[in-house]
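Here are some notes from a read-through, in numbered points. I hope they are handy while you have the coordinates open.

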Amino acid sequence: MRAPKSWISEYVNLPANISDQEIADALVRVGFEVEEIIVQGADLTGPLVVGKVLAIEELKEHKKPIRYVELDCNESQSRFVICGAQNFSVGDLIVASLPGAVLPGGFAISARETYGKTSNGMICSSKELGLGEDHSGIIVLPADSAKPGDDAIALLSINDTIFDIAVNPDRGYALSMRGIAREVAAALNLSFTDPAEFQFDFKEKGSAIPAKISAGASVVYLRTLENFDPKASSPIWMRRRIEKCGMRAISLAVDVTNYVMMELGQPLHAYDADKIVDYIEIRAAENSKKLTTLDNVERNLQSDDLVIADSKNVLALAGTMGGADSEITESTTRIAMEAVRFDAAVIARNSRRHKLSSEASRRFERGVDPLMAEIASARAAALLMELGGATYVGTSAVGTPQLLQAIDLNPAYVSKRIGLDISAATVREKLEVVGCKVEGSDSYVVTPPTWRTDLFTPADLSEEVARIIGYQEIPSILPPRKTAATLTPTQKRNRVLSQSLVARGYTEILNFPFVNRDLIERMGFIGARAESYKLANPMSEDQPFLRPHLLPGLLEAARRNYSRGFKSFALFEMGDIFRKSIDLRDGVSPATGKRPTDKEIADIFASVPTQLSFVCGVLVGQVHGENWHGKGRNYDWSDAIAAVEVLLNLMGIQFEIERSDLAPWHPGRCAEFIVDGKPVAHAGELHPRVVSEFALPERSAAWGLNLDALPTSPLVSPKPVGVMPAAVQDIALIIDSKVTAAELTQALRDGAGELLESIELFDRYDKIGDGKISLAFTLTFRAPDRTLKSEEVSVAREAAAAEAFKRCGATVRS
C-alpha cells in the first residue's frame, strides 16, 4: 500500500516539523513494515511550467516520428521544442521543462540543436518527472485545469513523500488511506478525522436498477445515476493521488471508483447501466460457462465461481474483475455503481482459481468494513455528480451488515498476557484508540470496530493494547526453564547418520513429499506399498499423492542430474513417507481456549496419515574414475548393501541379511536386513526396467532403511581395546552356491568361540563347478589377558570349520 504524506495530512493533524522518518518509525511501532520512503520532487528543480500547444510541425525526413512544437508558456514570445510523443494535439495543455531545469537523475535542460531545429526546452512524461513508470507519451492536462505559465510543480503536487507499506493479511483495513491515517494518528497520539463520516442525502428521482443476493455476499448497494458526461475528465488532484498510490488514471468514472477504494478501502465497480438487463444478481456461475474480463481474457467459469449477472449474461467475476461487455465506455451516460460486502473466502477462491489478483480482490480477501458499502457508494455517486454532471436516480440496497460479537475482557488478563503491568484505564484508553467501544468498569465488554474483522478473542485485544503501547515498552525477559534446549535422541541419531553418509561421499537432497500415480507404477510398487493418500488441495495437479517411499523422488533427482551431465554421484534423503494403512477421519479443530479432551486428541491423531521415517540412497556411475593409480570402479549392489551395514553398525544394532525379491530392486540382487525378526532395510541393484525408466546407467544401485523400525540403541557402543598380540588365520571353504556368505560367516563366528575378534570375507571363487563356490575368510583371534598359543588358535579354527560343515555343509578347501 502506497500512502502519500499529503493525503495522510488531510486526516491527521501532522506537526509542521515532523520528519518522514518519524512517520515511518511510528508505523513500524504499531506493527507495519515500511518498505520504502519515496521522496518525490527532491531531485527536481524548475522552471517547470504549463504550456499550451499552438502548432505542430511533423518532421517526416527522419526514421522515427519527430515533431517540432510551438508552445505558449505565457512568455513574451512562443517557445519551440522538439518532441517524439504522438499523444497530444493542438490546443492541449502539457508540462514543459525550460532551460535551467534539472530533472530526476541529474538531467539538465538547456537549449540545443537537434534534428536541424533549436529545441528550447522539453515536453515531459510522467517517468521523466519521477512521477511514475509511464513513458508511452507526455503528460496531457485536462482542458481548463490550468493556464499557460502556471507552476507545474505546485499544480501536480510533485513535492511529496510516499510511504510504501507492507500490509499483513489480517490488516485489510490498512489497505486504505482511512486505515493508514488512523494508525499514524494512534502511533503519534494525534487527532484523526474519519473520511467515512461523509454526509449525504440523495433525493430519489426514479427507479434504481434492482439488486439481488443469492450467494457469497451479506450486503449490496447499487446506486443508479444518469446524464453523466462521458467526456468529463478527472481533476488533476484526483489523478495525482491515484498515481501516487501506484495506480493509473483511466477515465472519470473508473478513477472515481479507484479513488474511493484507496480513500475508504471499499472496492467499487461501475457498470454501463444501459447494458444491464432487468437487474443485477450476485450468484454462483452455475450453468454460465464463459466471461471475458476487462483484461480481454476469456475465462472458463466453474459452477461454484461467484459472479455478478443480470437476467441474461454474466457481467463480472465477483470481487475480482469486471466484464468487458458491461464496462464504462466513451458513450456511457447511465451508470450503476455497485458496492458489496463479499465473503472473503469466496473471493480468495475466485482470485486463485483464475490466477487473477486485483486491487479489489486483495481487499476483499483480507476483509472489508461491512458498513462501507453504503458510505463508499454514496461517496462515489457524489463525486460523479460533482465532477461528471450526473444526476441521481435511486438506490437498491439488499442485505444486512454482519458485525463481530462483543468480547468479554478482564483488564488483568491483558497484563498477564503481555507480561507488563498495565492499568485498567490504560487498557480502556488504548482499545478506544484502536476504535473499540469499551463498556463496564471492573470487567469490560468490548465491541470491535466494524473495520477490524480480525478481532475475536481477548488475546486479539491484548495484542492491540501491546501494539499501541509499543512493543519496545515491553521488557525482553527469557522465560525460565529448568534445562537448556537439546536435541532429542532421534534427532541426534539422524544427525549422526547424515554426517556419516556425507563423510562417505553422499550428497543430501530434499524433495517435496508428493508423487503421482504414474511414478508409483513405474517403480513397480504393488499392494500396500502402492497405496497413499490423495490431497484435497495439492500444490500441483501433476503430483496429487503423498509419497509412499523416498526412492521415487531420489530416482527423479538422479535422472535430472544425470541428464545434465553429472555422470557419477551418490544421493541420499532422510524424511517421512506415508502409507495408507487406515482410512482417515475428518479433520478436527478443537477450541484453543482450553486443553483438548483425550477423545479430541485421539481424533486428531486418527485424522493424520501414518508417517514412517526413512533414509534412502541412490548410487549412480563410478565410485572413482580411472587414473594413474589404476582402473576405475562402478557402483554396484555391494556398495548399496555396505551403506546399510555401515549405518546399522554405527548404531550398534545386530542384524541378519537374507536374499529378497522386492521392487524396485533386481530379483536375486537385493538384500533384506532383518533386525529382531523384522525386515528393516533393503539394498541392492535396481531392476533393469526401473533403470531404463529413469534413463540411468546400468547396474545403478539403491538402498532404503526404515528408521522407525529400529530398536532404541546408544549412540556410542564402546568396545575394549585389545593390548595383547592378535593371531591371524585364513580359511577357505567350499559351499553350495545357494548358501549366503552371511549364513557361513555366522556359523564360523559361532564355532570359533569367544577368542574370535573379527572375521572378514576376502575372496570368492566361482569356477569350481557342480553348483559350488569357494569363500575365503580371515579370522583374527585375540585374548584379553595373554598371548594365544598356536594350539589354541588351531583348535578355534577347527571348531569354526566344524560348525560351518554342520550348519552349511561347508568343507575346507585344500
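Where is K355 found? K355 belongs to the loop between α7 (344-353) and α8 (359-366), where helices (H or I, at least four residues) and strands (E, at least two) are DSSP runs numbered from the N terminus.

Before the points, a word on the ground rules. This is a predicted model, in which local features need pLDDT of at least 70 and side-chain atom pairs count only at pLDDT 80 or more, while totals for chains, interfaces and linings use all residues. Residues are numbered from 1 along each chain as its sequence is written, and side-chain values use heavy atoms, with hydrogens and water left out.

1. K355 has a positive phi, near 50°, in a residue other than glycine. K355 is exposed, with a relative accessible area of 76%; the classes are buried under 20%, exposed over 50% and partly exposed in between, with a 1.4 Å probe and protein chains only. R699 also is a residue other than glycine with positive phi, here near 70°. R699 lies in the loop between α18 (688-693) and β38 (701-706), and is partly exposed at 42%. As background, most residues other than glycine have a negative phi, and most peptide bonds are trans.

2. **A cis peptide bond.** From A663 to P664 the peptide bond is cis, with omega near 10°. P664 is in the loop between β35 and β36.

3. **Helices α11 and α12.** The axes of helix α11 (residues 424-434) and helix α12 (residues 458-469) come within 9 Å and cross at roughly 90°. These axes are lines fitted to C-alpha atoms, for helices over the stretch in contact, and the angles run from 0 to 180 degrees between N-to-C directions. On the α11 side, the contact (heavy atoms within 4.5 Å) is made by T426, V427, K430, L431, V433 and V434. From α12 come L461, E464, V465, I468 and I469. The residues of this contact divide into eight nonpolar, one polar and two charged; Ala, Val, Leu, Ile, Met, Phe, Trp, Tyr, Cys and Pro count as nonpolar, Asp, Glu, Lys and Arg as charged, and the others, Gly among them, as polar.

4. **Aromatic pairs.** A search of the whole structure gives 11 aromatic pairs. Rings of Phe, Tyr and Trp (its six-membered ring) pair if their centres lie within 6.5 Å, with planes under 30 degrees apart counted as stacked, over 60 as edge-to-face and the rest as tilted. Y68 and F80 are stacked, at 5.4 Å centre to centre and 20° between the planes. Y68 lies in strand β4 (residues 66-72) and F80 in strand β5 (residues 79-83), so this pair ties together parts that are 12 residues apart in sequence. Y68 is buried at 15% relative accessibility, whereas F80 is partly exposed at 31%.

5. **A tilted pair.** F655 and F673 have ring centres 5.6 Å apart and planes at 50°, so the pair is tilted. F655 sits in the loop between α17 (637-650) and β35 (656-660), and F673 in strand β36 (residues 665-675), 18 residues apart. F673 is buried at 0%, while F655 is partly exposed at 23%.

6. **Arginines over rings.** Ring pairs link F198, F200, F202 and Y392 into a cluster. R379 lies over the face of F198, 5.9 Å from the ring centre; the criterion is NZ of Lys or CZ of Arg within 6 Å of the ring centre and within 35 degrees of the ring normal. Elsewhere, the charged end of R67 sits over the ring of F88, 4.7 Å from its centre.

7. **K5 and its partners.** K5 lies in helix α1 (residues 5-11). Leaving aside neighbours within four places in sequence, K5 is in contact with L14, I18, D20, I23, D160, T161 and F163. The C-alpha atoms of K5 and F163 are separated by 7.4 Å, although these residues are 158 apart along the chain.

8. **Helix α5.** Which residues of α5 (residues 236-244) are buried? I236, M238, R240, R241, I242 and K244 are. G246 follows α5 and has a positive phi, near 90°.
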